[in-house]
Amino acid sequence: MGQLDSGNAAWILTSACLVFLMTPGVAFFYGGMVRAKAVLNMMMMEAAALSVTIIIWGLWGWSIAYAGHSIGGVFGDPATGFLLRDTMVAQDGVFTSASMNGNNYPASVDVGFQAAFAMITVALICGAIAERVKYSTWMIFVALWITFDYAPMAHMVWNGGLLSADGPISQAIGAAAHDFAGGTVVHINAAVAALIIVLIIGKRKGFGTEPMRPHNVPFVMLGAFLLWFGWFGFNAGSAFAANGTAGYAWVSTSLAAGAAMLAWGFTEKIRTGHYTAIGAASGIVAGLVAITPAADVVSPIWSIVLGAIAGIVTCLACSLKYKLGYDDSLDVVGVHGVGGLIGTVALGFFMQDTGLFCGGDWRQLVVQIVIALIAMAFCAVITTIIAFGLEKTVGWRVTQAQEVGGIDLADQGERAYDFAGTASSVIKEM
């Protein structure tokens, strides 16, 4: 085992905690956007994203993504690192890491960091299917999707697989595919999965004909601020060291988020006459999404440009669901899908030294487009099989009466706000 770099170890462990915080951030972000009768269910779905994912990750997810021998460049052998046996070792009755990684911090820290990435990815999906799906089905989906979609995708992009910088596609095109922190693995992946499930399960009752307004806008803003904070671990942590790249990723992440928030706001002002809080929160997230694959390789000016483009385009894209007729409840496709595509493809133009604008090389653009398309196709196929199978067996939807009455009461047996109890207390006191 090599010499421990305690600075790197401390930073990546801290980053793992920041990325973990992003899923509770999404719980507030999505929880505020749904109607009052569905907020507990949304937060419970986020809790399942945390708990089910970490169990699957410890059993075989880590092995499929990072530890196991690569099978066709698509996934790792799930048996190699089953129950983390390649990563943890007992010494004098205390468990510790079995090895150091290339940046001289314990491999066990990587397990936690990458588990948090898996958690937030699946957590993003449930925003599209809010207010109408059974919690039990969601838990089964999380286990299957992490196993057959997320872990293989992480392997393909980040562990030398098919879509990696040194994989066969990059070699054939002559340019190294780049996804710094998850444009394909996290955002495009989650958005495609969300769209597939939405198309299978159908619309909420009243979609497009009755208002479905956010019930708690301060929750939405709180969630956006927590996400921005957590994203420092997401992007700066992806440098895998406490170094200058991590520092620059912090800066570029914030530049893009700020530019996207302003761009979304200006677009909204032109279209509706208002700068809304929901728009500000959504713009922040859109900028964070877009800069994710590019945070280490685009200059400050291009970070701002990238964020501004994302803010404008995602703002416009979120209205497409009404024209195309799919009920993406909380705009997962519009923000994460479109934003992830913008960031992944824009690398082909803005990437330092190799981008079309910054290096005069068209091959970087080609490889970014190709990996995005393959990631979308892979996710679409895997998610369709899983989601359709669940639809035909356990079923996705609660009954229409339960949906109208409130999924919190139907599925959790609770209400988020006890208005009746509050009123009774007031009467008793009088």
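## Terms and model

Helices (H or I, at least four residues) and strands (E, at least two) are DSSP runs, numbered from the N terminus.

This is a predicted model, where local features need pLDDT of at least 70, side-chain atom pairs count only at pLDDT 80 or more, and totals for chains, interfaces and linings use all residues. Residues are numbered from 1 along each chain as its sequence is written, and side-chain values use heavy atoms, with hydrogens and water left out.

## The annotated span

An unreviewed UniProt entry carries the annotation "domain: Ammonium transporter AmtB-like" for residues 10–417. UniProt positions follow the numbering used here, feature names are shortened, and annotations may be inferred rather than shown by experiment. Residues 10–417 are 67% helix and 3% strand. The end C-alpha atoms of this span lie 40 Å apart.

Two packed helices are described by the angle between their axes and the distance between the axes. Axes are lines fitted to C-alpha atoms, for helices over the stretch in contact, and angles run from 0 to 180 degrees between N-to-C directions.

Helix 3 (residues 107–125) packs on helix 4 (residues 135–158) at about 125°, with axes 10 Å apart. Helix 3 and helix 4 are therefore oblique to each other. The contact (heavy atoms within 4.5 Å) includes Phe117 and Ala118 of helix 3 and Trp138 and Trp145 of helix 4. By class, this contact has eleven nonpolar, two polar and no charged residues. Here Ala, Val, Leu, Ile, Met, Phe, Trp, Tyr, Cys and Pro count as nonpolar, Asp, Glu, Lys and Arg as charged, and the others, Gly among them, as polar.

## Helices 6 and 14

Helix 6 (residues 183–201) and helix 14 (residues 363–392) pack at about 40°, with their axes 8 Å apart. This pair is therefore oblique. The crossing is right-handed. Among the residues in contact are Ile188 and Val192 of helix 6, with Ala375 and Glu391 of helix 14. The contact has 15 nonpolar, four polar and one charged residues.

## Helices 9 and 10

The axes of helix 9 (residues 277–291) and helix 10 (residues 300–317) come within 8 Å and cross at roughly 125°. That makes helix 9 oblique to helix 10. Their crossing is right-handed. Ala286, Ala290 and Ile291 of helix 9 meet Ser303, Leu306, Ala310 and Thr314 of helix 10. Five of these residues are nonpolar, two are polar and none is charged.

Strand 3 (residues 88–91) and strand 4 (residues 94–97) run antiparallel, joined by four bridges. Strands pair if DSSP finds at least two bridges between them. Met88 has Ser97 as its bridge partner, and Ala90 has Phe95.

Conventions. Angles under 35 degrees count as roughly parallel, over 145 as roughly antiparallel, 65 to 115 as roughly perpendicular and the rest as oblique. A crossing is left-handed if the near helix is turned anticlockwise from the far one by less than a right angle, and right-handed if clockwise.
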